[in-house]
Amino acid sequence: DVEGSFNVQLLVSLGPPEFSAIGFGELGGLQVGVQRLGGGLRAGQEKEVQFRWRMIALPLAKLRVVADAPFDNVPETDEGNNALEAIVRVESRYLDQWWLERIDAPGAWALTQGSPEVVVAVIDSGLDWAHPELAGAIWTNPREIPANGLDDDGNGFIDDLHGWDFVDYDNDSLHGSPLEPHGTAVAALIAGAADGKGTTGVAPGVKLMDLRVLDRRGEGRWADAFKAIEYAIANGAAIVNMSFSSPYSEEDEAWFNRHLEPLLERARKQGLILVASAGKVGWPARSPHVIAVSATTKADEAASYSNFGPEVEFAAPGGSLSWEQLKAALARARSLEDVLPVVGDLLITPWPGEYYGWFAGTSASAPIVSGAIALLRSLKPDLSLEQVREILKATATDLGEPGKDDRFGYGLINAAAAVRHLAAAGQER
């Protein structure tokens with residue numbers, strides 16, 4: 001019953017040595033289908049082919065079949081018969097956006113879906129700006145003239161129209177080294193389009209600043225993360241999402257306290273709200289200037305992979321696997337049937353290249369909290385970190401032991417209750 005459709009393209013080659021049909025439309029890094037049919041076609045020959053196609057990941061898919069000769073000099077009787085579209089229905093449970101229901105995002109949308117004046121900096125592995133879920137949400141630097149080769153705003157970055165790629169050190173995450181899906185998935189959980197197609201973010205009306213610090217392997221340098229935070233401070237971000245973590249160790253504590261803490265404190269004093277994955281409860285989540293988020297499953301249980309500690313303030317949906325566990329499961333899979341047992345309560349999010357795939361972990365729970373905070377700041381832009389914390393504390397759904405605990409913090413965030421609380425406080429004044 002989900003509205004909208006997805007295009008899955010099936011390319012058919014009619015030339016020798018064989019007649020083949022290969023499906024494109026990768027989900028979770030896997031092809032959704034491959035079908036090969038022996039025997040190529042010769043001139044004047046006709047052949048009827050039946051395609052067997054199984055879709056498992058989307059509730060309503062539009063299958064687009066394209067059949068064409070691979071060479072332009074091969075004449076065809078009817079050049080207009082190369083495309084056929086048909087609706088393929090599949091089980092709706094594969095696009096159950098349970099994470100939105102668990103935090104009651106639809107209830108919050110009755111008051112706001114987010115303001116375009118609120119900018120969320122996504123410090124991650126880069127965003128696919130062209131993905132339909134993100135194309136309308138990408139922040140544009142108002143002080144920069146596009147593609148003129150100049151640093152118009154004098155911030156030290158040339159043509160930084162949508163942010164900056166600190167991996168390739170240029171202005172465009174889409175060109176250069178390939179993107180890991182992580183950043184695109186994180187961004188869409190915050191502000192994916194509310195267009196009735198695909199998935200929807202918690203705050204679909206806000207804008208996203210693309211600050212890439214993680215490479216194609218999901219690895220990065222703290223020096224680049226520092227620069228990205230400084231960029232967010234200097235260029236008008238209201239919220240910073242950091243879905244990464246450095247494991248805690250006593251040996252590193254002095255270094256982080258000396259180098260990272262002053263920067264995070266400066267960001268907070270400048271009015272930015274910083275959110276990070278609890279991960280192993282290392283840095284940046286360990287900082288008192290950052291909201292640390294743990295992960296819950298579809299059943300509101302503490303996710304087994306999520307580390308816990310007194311630093312955890314709130315919990316949000318993350319699914320049953322960590323991002324690393326999910327990638328390992330996909331790498332081992334030889335068919336979609338191998339994947340199904342492990343993706344039961346994961347999240348489905350956009351991936352680069354107009355694809356959709358599975359996502360999970362505290363990497364997913366942090367942007368869900370960032371999206372909820374973006375809704376609050378859309379109603380009251382000058383909310384401080386302390387005020388945001390108090391609102392989320394007052395409205396979270398208490399899980400686990402009564403009161404604050406090391407696993408859920410103050411509880412599972414409730415976006416609807418939070419925005420209603422803020423709206424009611426404003427009316428009382």
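This is a predicted model: local features need pLDDT of at least 70, side-chain atom pairs count only at pLDDT 80 or more; totals for chains, interfaces and linings use all residues.

Colleague: How many bridges join β7 to β8, and which way do the two run?

Modeller: Three bridges join them, and the two strands run parallel. Strand β8 covers residues 207-212.

Colleague: What is the strand order in the open sheet?

Modeller: The order is β7-β8-β6-β9-β10-β11-β12, seven strands with parallel pairing. The edge strands are β7 and β12 (312-317), each of which pairs on one side only. On average, neighbouring strands of this sheet are turned by 25 degrees against each other, direction ignored.

Colleague: Which helix lies across β6, β8 and β9?

Modeller: That is α3, residues 181-191, which runs at about 160 degrees to β6.

Colleague: Now the serine. Where does S125 lie?

Modeller: S125 is in the loop between β6 (119-124) and β7 (163-165).

Colleague: Is S125 buried or exposed?

Modeller: Buried. Its relative accessible area is 0%, and the cut-off for buried is under 20%, so S125 counts as buried.

Colleague: What does the side chain of S125 reach?

Modeller: The backbone oxygen of E180, at 3.2 Å.

Colleague: And which residues does S125 touch, leaving out those up to four places away in sequence?

Modeller: L179, E180, H182, G183, R212, L214 and D215.

Colleague: Switching to α5. How many residues does it have, and what is its reach?

Modeller: Helix α5 (residues 250-269) has 20 residues and reaches 27 Å from first C-alpha to last, close to the 28 Å expected at 1.5 Å a residue.

Colleague: Where is the kink in α5 centred?

Modeller: On F256, and the kink is about 50 degrees. F256 is also one of the buried residues of α5.

Colleague: What do the buried residues of α5 pack against?

Modeller: They pack against α4 (222-234), β10 (273-277) and β11 (290-296).

Colleague: Which residue with positive phi follows α5?

Modeller: G271, with phi near 100 degrees.

Colleague: Last topic, the whole chain. How many helices and strands are there?

Modeller: Ten helices and 14 strands. Of the 429 residues in the chain, 53% are buried.

Colleague: And what share of the contacts joins residues at least 24 apart?

Modeller: 68%, among contacts between residues at least 6 apart in sequence.

How values were computed
Residues are numbered from 1 along each chain as its sequence is written. Side-chain values use heavy atoms; hydrogens and water are left out. Helices (H or I, at least four residues) and strands (E, at least two) are DSSP runs, numbered from the N terminus. Buried means under 20% relative accessible area, exposed over 50%, partly exposed in between (1.4 Å probe, protein chains only). A polar contact is a pair of N or O atoms within 3.5 Å; within protein, one must be able to donate a hydrogen and the other to accept it, and residues adjacent in sequence count only if both atoms are side-chain atoms. Contact means heavy atoms within 4.5 Å. Two strands pair if DSSP finds at least two bridges between them. Axes are lines fitted to C-alpha atoms, for helices over the stretch in contact, and angles run from 0 to 180 degrees between N-to-C directions. The expected span of a helix is 1.5 Å times one less than its number of residues. The bend at a residue is the angle between axes fitted to the seven residues ending there and the seven starting there.
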